Amino acid sequence: MKHLFYAGIFLFLCACSSSNKQTTTLKNSTTFRLTEISKDTNYGYSEKKPVEVGGVSEQSGPMNERRYLNALAGPNGEQISYFRAGSCCPIKSNNDPFGFGSVMLDIYRVTWEGKKDTVSIYINMYDSGELKAPVGFTIKK
């Protein structure tokens, strides 16, 4: 019985350890908890440096995109608004659910009160990475 307990613990730990998977915490059911602003001026603004929210394999990819955006605020803490503008930019991913080796990014247009135009944020819901606010944004309190 004792051996089964230790074998179960071992299997659990092996199943939970994944070198490519980023663990992201939730502030609430609709918002990720972000803790820092990126220093990379291209992060989120370029298809070469998309925000990696993951979730497709758990069928929560689109929700994770919204959870990420719900965590952002304008440069002075303003409430943002956003809409999905479409998909673009095929990129390589080992997490392609169809097995072709590439996936498409989603583009969201984001604005806030006082902003004359929108900014584009590129989001990858297939791969997971460390989540940060893009330069020019703050984190919603």
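Is Glu 36 buried, partly exposed or exposed? Glu 36 counts as partly exposed because its relative accessibility is 31%, where buried means under 20% relative accessible area, exposed over 50% and partly exposed in between (1.4 Å probe, protein chains only).

The model is predicted, so local features need pLDDT of at least 70 and side-chain atom pairs count only at pLDDT 80 or more, while totals for chains, interfaces and linings use all residues. Residues are numbered from 1 along each chain as its sequence is written, and side-chain values use heavy atoms, with hydrogens and water left out.

The predictor's confidence in each residue is given as pLDDT, on a scale from 0 to 100. For the protein chain the mean pLDDT is 87, and 84% of the residues reach 70 or more. Over residues 2–21, however, the pLDDT is below 50, and this stretch has 2 contacts in the model beyond near neighbours in sequence, a contact being heavy atoms within 4.5 Å. Where pLDDT is low, the predicted coordinates should not be read in detail.

The secondary structure of the protein chain consists of 2 helices and 8 strands. Here helices (H or I, at least four residues) and strands (E, at least two) are DSSP runs, numbered from the N terminus. Read from the N terminus, the order of elements is α-β-β-β-α-β-β-β-β-β. Of the 141 residues in the chain, 39% are buried. Among the contacts with a separation of 6 or more, 65% are between residues 24 or more positions apart. The accessible surface of the chain comes to about 9,000 Å², and 55% of this belongs to carbon and sulfur atoms; such areas come from the Shrake-Rupley method with a 1.4 Å probe, and for residues only the protein chains shown count as cover.

Helix α2, residues 61–70, is mostly covered, with 7 of its 10 residues buried. Among the buried residues of α2 are Tyr 68 and Leu 69, as well as the charged residues Glu 65 and Arg 67.

With β3 (residues 51–52), β7 pairs in the parallel sense over 2 bridges, and Glu 52 has Asn 124 as its bridge partner. With β6 (residues 102–112), β7 pairs in the antiparallel sense over 5 bridges, and Val 110 stands opposite Val 119. Strands β6 and β7 form a hairpin with 6 residues between them, and in the turn Gly 114 has a positive phi of about 95°.

Glu 78 is found in the loop between β4 (72–73) and β5 (80–92). Glu 78 is buried yet has no salt bridge, and the nearest side chain of opposite charge, Lys 115, is 10 Å away. A salt bridge is a side-chain nitrogen of Lys or Arg within 4 Å of a carboxyl oxygen of Asp or Glu. Leaving aside neighbours within four places in sequence, Glu 78 is in contact with Ala 73, Trp 112 and Glu 113.

The structure holds 3 salt bridges. Lys 132 lies in the loop between β7 and β8 (138–139) and Glu 36 in the loop between β2 (31–32) and β3, so the pair ties together parts that are 96 residues apart in sequence.

Another salt bridge joins Asp 40 and Lys 49, whose closest N and O atoms are 2.6 Å apart. Asp 40 counts as partly exposed at 25% relative accessibility, and Lys 49 counts as partly exposed at 38%.

Arg 84 and Asp 106 also meet in a salt bridge, at 3.0 Å, N to O. Because Arg 84 lies in strand β5 and Asp 106 in strand β6, this pair ties together parts that are 22 residues apart in sequence. Arg 84 is partly exposed, with 45% relative accessibility, whereas Asp 106 is buried, with a relative accessible area of 4%.

Note on methods
Pairing = 2+ DSSP bridges.
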